[in-house]
Amino acid sequence: MGGSSKKFKKAEKSKIKLKGAKLPKGANVTKTNFKVRKIVVPDQLKQRNLTNAAVLSNKNLTLKDCLAKLKLNNVSSKIEGLRGVREIITKMPSELHRMLSSVVKDVSSLSIDIEHDVRRDAYKTLGCILAACGQSVMVPFYEVLLSFLRCSMTHIQSRIQEDSLLLLDVLLQYLPELVVANRDKILPQFLDMISKLRTESKPGRTLTINLDKQSTSTRWRVKVLSRLTGILKILIDSKRTKNETAEPLEEAVSLAEDVDNPFASKVPDYQPDKAVQINYTFDRASTMFLPIQKRHLYTTCPMDVLFRKTTGTDKDLSLGDRVDDGRKLKMYVEMLMPVLFESWLEVRPTGTGAEPGQEHALTQEAAATLELLMAIFIQLWDLTVQYCGETNNDDMKRWFREEYGAKFCTHILGGFPYYQSGTETKSQQPKRSKTTAPILSEKTVDDHCYRHNFNICYFYCCLHEQFRGGKKKSQPYTKIVEYVKRCVMNWKLRGAEATNLLLQVLRYMLLDTDCMAVNQETRTLLQTLLEVYITAKLPQEIRNRILVLFCDIIVGSDSLWRRYGQELFTLWLKMLPNLLCKPSIDMEVLKALLCLGQRGNVPFLEVLEANAKQIVANMETIRVTNEAEQGEGFVLICNLLFYVRKRELIRELIDFDALGLKDATQRERLCSTLELKLGMLQE
């Protein structure tokens, strides 16, 4: 070994060393006198179809090339492929249908990609695909989309779970039927992102911490709960649309009779989902009778629901669709309500409920959470009301009230009414207020929290059926009435949304319940509204809506407005006929006045008769707003004068006042109406 090493070293030393040597001048110049020929692949040019640029992206890629780029590992290539798919769909949507299966699967698979930018582009591209195809075309791919949605919701990567809400947004916007049909599969995994089951055998849940440290738990829950409102809204709308598009009762149904069997029954078989049909035959010679009951009263009630006594678990219950829907609805409510209450307990202002004479300031996060919680509460209640209406059974509503009425008062009404301080609104600082502020008149109708407070008022009344007629004075209801009264007296709310919410709350509190009793708090609220209507200078549109509400109270139930006290309405009723002497009147107000005349309201008719001549003189020039057809308002005024009770007055209107109308058609219409009433009085 030693000899071989010496030989190697000797050979290395004997090599010629060119250290420092330079090439001769001109030998290091690069030659450029060569030619380059372009590479042409005829097959690729034929596939790209350069003559039709509509089927290519801006980078001359076909749809197949774009899908190939989606399978590469490079992020920029995937984004370029997704962008190319969107460009081709925008240029030529018909190109999508040739490869729809591959496009949906490849784009959907990127919804769980590890890269954030790729996922966002995939959701955007998927929205373009769904918008171009429509719901009917996408039915075969429902399972594919649902599987990727559930996979992203349960992914081990927290960022993919967070972005799954964007995928859900796309499906809610373009494929609401998919979400409604698979709500039982989506909701549990959806709620797993903010909560977990207490035990596997019960539906109750408890809150969990946030996904990561980059966002607070409250902000993350707000994101999730905002999507929950979208799911519930689609579910409510689907049930409402299904009821509205049901086959109308007026349409005749041709029943095939069995000619060969003379003993066959003429009564159709029992069909629980089909309304009983009623045929009307018009006969000019005979009096026509039309029932005035509501349409839904003719709907046949299924037997399995009719004999169901409770909403509890019962092994002997039938497996009908409506019973199954009731069990699912109850499971959803039991699943959601504890999570919603716990979400509020984490963000509510400190000291809520400690001093009942104080209001409480909300942070931005607390206000956003409360608004979402109230929206979900009301949506769950709407679903319950829909189910009870379909099954003609109020057990579910009673269970809902008994289970959550007291909890709502304890957790939500403790700090009612809520407001946001001006400093928090301007600075947008999510710091929790540790002090409470005394009641101030300008904060009672805070512009930032009026939706929250009005929704609390409405939902409290929903949860307490006898709130308006309770014998004992209820402190929560007293707080609600006082808040609504301050809103009515100040009426400082700006914008149509706040006005609509206030009028809806007033309508529900004063009229739209089954309770016929009236307590002192509600009577005081009605008196305050009447005083504001008479004395305050409100916009005409608001005055019209308040007037319609008063008329509905009088017309809707004869006993209800008498329990409020006839003396409250006497002055207001005497003012109404004067509206017909003004230059214009709204169509809805005119219909309300006609209802009062039909009911024979004595104070109203007395003033109507006193102003009848002025009303006739003003009929030719009065302008009726919001009428569907030209001249419809004039007909209603004629019908209103039909309820004049004095024969001498009617004769004077026919002989003298009606002649002042220049239009012959109007004059003939008014005279014929009054002559008809005069003939009835003479008989």
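**Comments on the predicted model**

1. Thr229 is located in helix H12, which covers residues 217-244. The model is a predicted one, and the remarks that follow should be read accordingly.

2. The relative accessible area of Thr229 is 14%. Thr229 is therefore classed as buried, because that term applies under 20%. Setting aside residues up to four places away in sequence, Thr229 touches Leu372, Ala375, Ile376 and Gln379.

3. The largest nonpolar core comprises 183 residues. Within this core, the residues with the most contacts are Phe190, Phe408, Val484, Phe569 and Trp572. Helix H15, spanning residues 364-391, supplies the largest share of the core, with 14 residues.

4. When neighbours within four places in sequence are left aside, Val484 is in contact with Cys457, Leu502, Val505, Leu506, Met509 and Leu525.

5. On the cysteines: how many disulfides does the structure hold? The count is zero. For Cys461, the closest cysteine sulfur belongs to Cys457 and lies 7.0 Å from the sulfur of Cys461, which is too far for a bond. The cut-off for a disulfide is sulfur atoms within 2.5 Å, so the separation of 7.0 Å excludes a bond between Cys461 and Cys457.

6. Two cysteines may also be noted for their accessibility. Cys461 has a relative accessible area of 1% and is buried. Cys409, at 17% relative accessibility, likewise counts as buried.

Key
Residues are numbered from 1 along each chain as its sequence is written. This is a predicted model: local features need pLDDT of at least 70, side-chain atom pairs count only at pLDDT 80 or more; totals for chains, interfaces and linings use all residues. Side-chain values use heavy atoms; hydrogens and water are left out. Helices (H or I, at least four residues) and strands (E, at least two) are DSSP runs, numbered from the N terminus. Buried means under 20% relative accessible area, exposed over 50%, partly exposed in between (1.4 Å probe, protein chains only). Contact means heavy atoms within 4.5 Å. A nonpolar core is a set of buried Ala, Val, Leu, Ile, Met, Phe, Trp, Tyr and Cys residues joined through side-chain atoms within 4.5 Å.
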